[in-house]
Amino acid sequence: MRQVIIVGSGPAGYTAAIYAARANLHPLLIASSVEFGGELMKTTEVENFPGFPEGVMGPDLMMKMQEQAERFGTEIVYDDVTKLELEGDVKRVTVGNGDVHEALTVIYATGSAYRKLGLEDETRLSGYGVSWCATCDGAFFKQKKVAVIGGGDSALEEATFLTRFADRVYLVHRRDSLRASAAMQDRAKADPKIEFVWNSEVAHIYGDEKVAGIGLVNTEDGTETTLDVTGMFVAIGSDPRTHLVHGQLDITTLGTIAVEGRSSKTNLPGVFAAGDVIDPTYKQAATAAGSGVVAALDAEHYLAAHADKTVTPQPVAASV
Ligand SMILES: Cc1cc2nc3c(=O)[nH]c(=O)nc-3n(C[C@H](O)[C@H](O)[C@H](O)COP(=O)(O)OP(=O)(O)OC[C@H]3O[C@@H](n4cnc5c(N)ncnc54)[C@H](O)[C@@H]3O)c2cc1C
């Protein structure tokens, strides 16, 4: 039996692993079978993670986090968690190949999936002009034209933020009115750099290596137009990856896992959550990493308080 199992290999999971490993808790981290490394594997340059003044490529940053976690003794399983049994003192974690791992604590750090438009070129050009995060990528679009897709508060927030850099920001929305709050709407509508493109959906993303424009189709009359932009920010929401814990962990009205105050404590003793899966607001690599620290320390304190149940680590493949 393990002391700590960490589910997820993004900044939250790896940072929790670094702390737990350095505390001699011999963590087992389940990284996912194909999407290990988390959301930053889908991007190119990351300029806002502390410690990299020249910037760092997203996948390189995640490899460094992985190396750092392994250096202190984290064991990694490249498989998906398919089932979690979190009640009681011993938590059971089943992975895709059928192995069942047991632990006294679980840190759940599965992130949040940004909703996509569903276009083939969206994935191909992710990090090359297609983005889901203005805070992360806005500075790459100084004096350029960009489009923001969406009609809620987050779309308007992204659009307003992008006017700090871009010369023109098109707000593309498939309806003729916005879901966003009145205050956000007033601010965006008063901004001379923001132009609203109503009743329009993205049908094409042009560009071989970088975004070179987007093709829109009018939802009312089917007419097609092109926007001459080099950046497209998709702001249609995100879905915290919580399906494995439904019915076990409390979920907030925003779909994130509920935690106690500034801690990582969920409603179940010994179960902690970290990163974007608990965060409806900030959703940054550095905040996820900080959240991983909190979870590891919370797990460490929990284990110390339940020292009578502390166990010697067992080999990774503990099949039953
Ligand atoms: C394109 C893009 C660019 C970005 N650029 C920046 C940037 O420049 N700067 C910045 O600060 N932030 C950036 N972000 C945001 C940042 O990536 C996230 O805030 C951060 O990765 C969240 O970390 P996390 O560990 O909570 O979750 P994630 O990074 O999402 O990692 C979650 C991990 O859990 C794994 N997982 C999920 N379900 C299971 C399961 N059942 N079994 C096993 N594993 C599972 C996933 O595969 C993934 O590896 C960007 C996001 C995107 C999409």
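Reply: Happy to! One term to start with: a residue is called buried when its relative accessible area is under 20%, exposed when it is over 50%, and partly exposed in between. Keep in mind too that this is a predicted model.

Me: Great. Which residues of α2 are buried, then?

Reply: In α2 the buried ones are G58, L61, M62, M65, Q66 and A69. They cover an arc of only 140° around the axis, so they sit on the same side of α2.

Me: And what is exposed on the other side of α2?

Reply: There you find E67 and R71, which are exposed.

Me: What do the buried residues of α2 pack against?

Reply: Their partners are α1 (11–22), β3 (45–46), β4 (56–57) and β5.

Me: How far apart are the end C-alpha atoms of α2?

Reply: They are 20 Å apart. Helix α2 has 14 residues (58–71), and at 1.5 Å a residue it should span 20 Å, so the two agree.

Me: What follows α2?

Reply: G73 does, and its phi is positive, near 105°.

Me: I clicked on C133. Where is it, and is it buried or exposed?

Reply: C133 is in the loop between β10 (130–131) and α4 (134–137). Its relative accessibility is 10%, so C133 counts as buried.

Me: Which residues does C133 touch?

Reply: Leaving out residues up to four places away in sequence, C133 touches G138, E158, F233 and Q284.

Me: Now salt bridges. How many are there?

Reply: The count comes to nine. One of them joins E195 and R168, whose closest N and O atoms are 3.3 Å apart. E195 lies in strand β13 and R168 in strand β12, so this pair ties together parts that are 27 residues apart in sequence.

Me: What about D121, which residue does it pair with?

Reply: D121 forms a salt bridge with R124, with 3.1 Å between the closest N and O atoms. Both lie in helix α3 (residues 120–124), three residues apart, which is about one turn of the helix. D121 is partly exposed at 25% relative accessible area, and R124 is partly exposed as well, at 41%.

Me: Which residues are linked in a network of salt bridges?

Reply: E39, K42 and R241 are linked that way. Between K42 and E39, the closest N and O atoms are 3.2 Å apart. K42 has a relative accessible area of 33%, which makes it partly exposed, and E39 counts as partly exposed at 24%.

Me: Last one: which residues form a nonpolar patch on the surface?

Reply: F36, M41 and Y78 form one, with about 240 Å² of accessible area together. Y78 sits in the loop between β5 (75–77) and β6 (81–85), and with 38% relative accessibility Y78 counts as partly exposed.

Notes: Residues are numbered from 1 along each chain as its sequence is written. This is a predicted model: local features need pLDDT of at least 70, side-chain atom pairs count only at pLDDT 80 or more; totals for chains, interfaces and linings use all residues. Side-chain values use heavy atoms; hydrogens and water are left out. Patches are made of residues with over 30% relative accessible area and no salt bridge: like charges are joined within 9 Å, nonpolar side chains (Val, Leu, Ile, Met, Phe, Trp, Tyr) within 5 Å. Accessible areas come from the Shrake-Rupley method with a 1.4 Å probe; for residues, only the protein chains shown count as cover. A salt bridge is a side-chain nitrogen of Lys or Arg within 4 Å of a carboxyl oxygen of Asp or Glu. Helices (H or I, at least four residues) and strands (E, at least two) are DSSP runs, numbered from the N terminus. Buried means under 20% relative accessible area, exposed over 50%, partly exposed in between (1.4 Å probe, protein chains only). The expected span of a helix is 1.5 Å times one less than its number of residues. The arc is that of the directions from the helix axis to the C-beta atoms. Contact means heavy atoms within 4.5 Å.
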